[in-house]
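Subject: Structure for you to look at

Hello,

Here is the structure I said I would pass on. Please open it first, then read the notes below it.

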Amino acid sequence: MGYYDLKKLENTGEDKTALEKKHVPYIQCPDEVKKGEYFEVKVTFGKEITHPMGKDHYIQYFDLYANYASLARVEFTPDMKAEATLNVKLEESCDLNVYAFCNLHGHWEGRKEIKVVE
Ligand SMILES: [Fe+2]
């Protein structure tokens, strides 16, 4: 895999690889929210396995996007747990995309569709 490759979830269920289990950003938030009202978005790494955090191997940061609009960047040090809860409000339905970087295993994408209602 190249340095510039973006890895995403390609397997499901029991076929998930160990790398997918601990690197694919897991986005937890409601499936449907009200326009302009804050809700919580929790991001963890990953879903089934917690990514290790040590000075030789850690999640350095992630970026949260609503479609192509940047919402936030969260940076971690090896002394942090690789998770964050952010308060977000949206104006229209979109995909929440998280792009994360592990210093050893590169770039990973997670996505969750979210519906915004009046
Ligand atoms: Fe990693």
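Does Leu9 count as buried or partly exposed, and why? Keep in mind that this is a predicted model. Leu9 has 19 C-beta neighbours inside 10 Å, and a residue needs 20 or more to be buried. Leu9 therefore counts as partly exposed.

As for where Leu9 sits, look in the loop between strand S1 (6-8) and helix H1 (18-23). Leaving aside residues up to four places away in sequence, Leu9 touches Glu20 and Val24. Pro25 is 16 residues away from Leu9 along the chain, and their C-alpha atoms are separated by 9.3 Å.

Next, the strands. Strand S8 (residues 94-102) runs antiparallel to strand S5 (residues 59-66), and seven bridges join the two. One of the paired positions is Asp63, whose bridge partner in S8 is Tyr99. S8 is also joined to strand S9 (residues 106-117), by nine bridges and again in an antiparallel arrangement. Here Val98 has Gly110 in S9 as its bridge partner. Three residues lie between S8 and S9, and the two strands form a hairpin. When you look at these strands, remember a general point: in a regular strand, side chains alternate between the two faces of the sheet.

Last, the record. UniProt, in an unreviewed entry, places the feature "domain: Desulfoferrodoxin ferrous iron-binding" at residues 17-110. Over residues 17-110, the chain is 50% strand and 6% helix. The end C-alpha atoms of that stretch are 15 Å apart.

Regards

Terms used:
Residues are numbered from 1 along each chain as its sequence is written. This is a predicted model: local features need pLDDT of at least 70, side-chain atom pairs count only at pLDDT 80 or more; totals for chains, interfaces and linings use all residues. Helices (H or I, at least four residues) and strands (E, at least two) are DSSP runs, numbered from the N terminus. A residue is buried if 20 or more other C-beta atoms lie within 10 Å of its own, exposed if 12 or fewer, and partly exposed in between; C-beta atoms are placed from the backbone. Two residues are in contact if their C-beta atoms, placed from the backbone, lie within 7 Å. Two strands pair if DSSP finds at least two bridges between them. UniProt positions are given in the numbering used here, feature names are shortened, and annotations may be inferred rather than shown by experiment.
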